[in-house]
Amino acid sequence: MIAQSPEPVTSFRPIASNERFSRQSQIHGWSQEVLSRAKLLVAGCGALGNETLKNLALLGIGTVGMIDFDSIEVINLSRSVLFRKTDVGQPKAHVAASRLAEIHPEMQVTPMHLDLTSELGAGTISDYDLVLGCLDNIEARWHLNRLCHAASVPWIDAGIEASAGQIAYFDALNGPCYECSMSSSMWQRLNERRSCLLPAQQRAVPRNIATTSIISSLVAALQVQEAVSQLHHRFAPPQTQSKWSVLRSGDRITTRLAPYSISVLHSRRNDVCLAHHDTSIAIFDLEVSPSQISVEQILTYTNMDAVELDWDIAIALECPTCGTNPVCLPSFRVVASDLNCPVCCDPRRPEWQSRITRGSRLATRTLADLGIPPRSYLSLVTNNEHRLHCRLQKTNRMRA
Ligand SMILES: [Zn+2]
Ligand SMILES: [Zn+2]
């Protein structure tokens, strides 16, 4: 599963002293061509995402995708350089994209107004060289880590507090991943957010982090510096690659403002981390959208017995008075009103399942009904636990 990457740049193109990027091109080892060919995806367009995106546009990055499911509020304006008062109510990703096009008109921008925890397939990530996480919660980071690993694309996580922040680089094929270094309290917070008993609206409530534009601009600068270094390290002419100091997978830079400090820590790979799937598992590419194919059809086509999901599906809602109502509801689409009986208003108990087998009632439903986003990488299993990864892609070839 190798992500599409640009060909390495083999030589420098001279840049005239009056060109837009001439000042930065004077830096020893700098290749503007590497940056103009680079494809970066920024997950999160909040305070941190604004600063990161602004830096990418000023540096002349060629292609930038940006994801956020949120809309702009007045409280965002004190920390978001790309947003104006007249933008309140508009999707953050779309407004950010249009402002970047003003700063750097040649930049290819792709805004995605979606929730990466339930609406983003790993295939979309595989279109990019590097992902920059500008997220504010563990659940979104956990998902992004899994998606980047499935797509074989490295990512740089960034996070801020009032007067401290950190960045960390993860390339799960070559070292520890985000999940490897999660502490027990982080797992507890993740499990609380992912709890099937918590309706979707409550899970989506963002954290209110006390912070300023000062720490977000500082941490975004570190994140983008690392992105520039990683891009040069991978794609610049070989004779200059060694000029760039890069983090190893699992390295984390922490910076504090009171008292001033900056430190680098390295984390270890956790041998039982579930994010590191077996790379020897066969891969099957299928040119289909999740709304076009049922579970039964994909299992028959691939000769497998079940689709295994990373989330639970409510297959029934049981009212103690009125009986059981069969449904097909992914956990992240369950809302508070689903958990009360519409007839007698008593609480209803959901019955959950995460493995949908051939011949079962839910097998007649489409993959989209199960909450599987376009371009997802699916895990299929046989009854004797033989596995196959199925990529919903734009090609129709089989790789073993
Ligand atoms: Zn891991
Ligand atoms: Zn009832």
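## Lining of the second largest pocket

In the lining of the second largest pocket, α6 makes the greatest contribution, five residues. The model is a predicted one. Besides α6 (138-151), the elements that each supply at least two lining residues are α7 (184-194), β10 (306-319), β13 (377-381) and β14 (387-393).

The volume of this second largest pocket is about 900 Å³. Its lining consists of 34 residues, and those nearest the centre of the pocket are Arg146, Glu308, Asp310, Tyr377 and Ser379. By class, the lining of the second largest pocket has 17 nonpolar, nine polar and eight charged residues.

## Domains

The protein chain is split into domain 1, covering 22-266, and domain 2, covering 282-399. Contact between the domains involves 19 residues of domain 1 and 17 residues of domain 2.

Both domains also take part in the second largest pocket: domain 1 and domain 2 each provide at least three residues of its lining.

## Packing of α6 and α7

The two helices named above for the pocket lining, α6 and α7, have axes that come within 9 Å and cross at roughly 95 degrees. Angles of 65 to 115 degrees count as roughly perpendicular, so α6 is roughly perpendicular to α7. On the α6 side, the contact is made by Ile138, Glu139, Trp142 and His143. On the α7 side, Met186, Trp187, Arg189, Leu190, Arg193 and Arg194 take part. Sorted by class, the residues of this contact between α6 and α7 are five nonpolar, one polar and four charged.

## The cavity

Empty space left among the atoms can be found by rolling over them a probe the size of a water molecule. In this model, the count of cavities of 30 Å³ or more comes to one. The largest cavity has a volume of about 50 Å³.

Helix α6 gives the largest share of the lining of this cavity too, with three residues. The cavity is lined by Asn145, Cys148, His149, Ser152, Val153, Pro154, Trp155, Phe170, Asp171, Ala172 and Leu173. Of these lining residues, seven are nonpolar, three are polar and one is charged.

## Backbone exceptions

Most peptide bonds are trans, and most residues other than glycine have a negative phi. The bond between Ala258 and Pro259 is a cis peptide bond, with omega about -10 degrees. Pro259 is located in the loop between β7 (251-257) and β8 (260-266).

Arg375, a residue other than glycine, has a positive phi, near 60 degrees. The position of Arg375 is in the loop between β12 (349-357) and β13. Strand β13 is one of the elements that supply at least two residues to the lining of the second largest pocket.

How values were computed. Residues numbered from 1 in each chain as written. Chains lettered and ligands numbered in written order. Predicted model: local features only at pLDDT ≥ 70, side-chain atom pairs only at ≥ 80, totals over all residues. Heavy atoms only, no water. 1 Å grid on protein atoms, 1.4 Å probe; cavity = no way out; pocket = protein on both sides within 12 Å on 5 of 7 lines; lining within 4 Å. Points joined across faces, edges and corners; volume = space filled by probe spheres on them. Helix = DSSP H or I, 4+ residues; strand = E, 2+ residues; numbered from the N terminus. Nonpolar A, V, L, I, M, F, W, Y, C, P; charged D, E, K, R; others polar. Domains from an automatic or database assignment. Axes fitted to C-alpha atoms, helices over the stretch in contact; angles between N-to-C directions. Parallel < 35°, antiparallel > 145°, perpendicular 65-115°, else oblique. Contact = heavy atoms within 4.5 Å.
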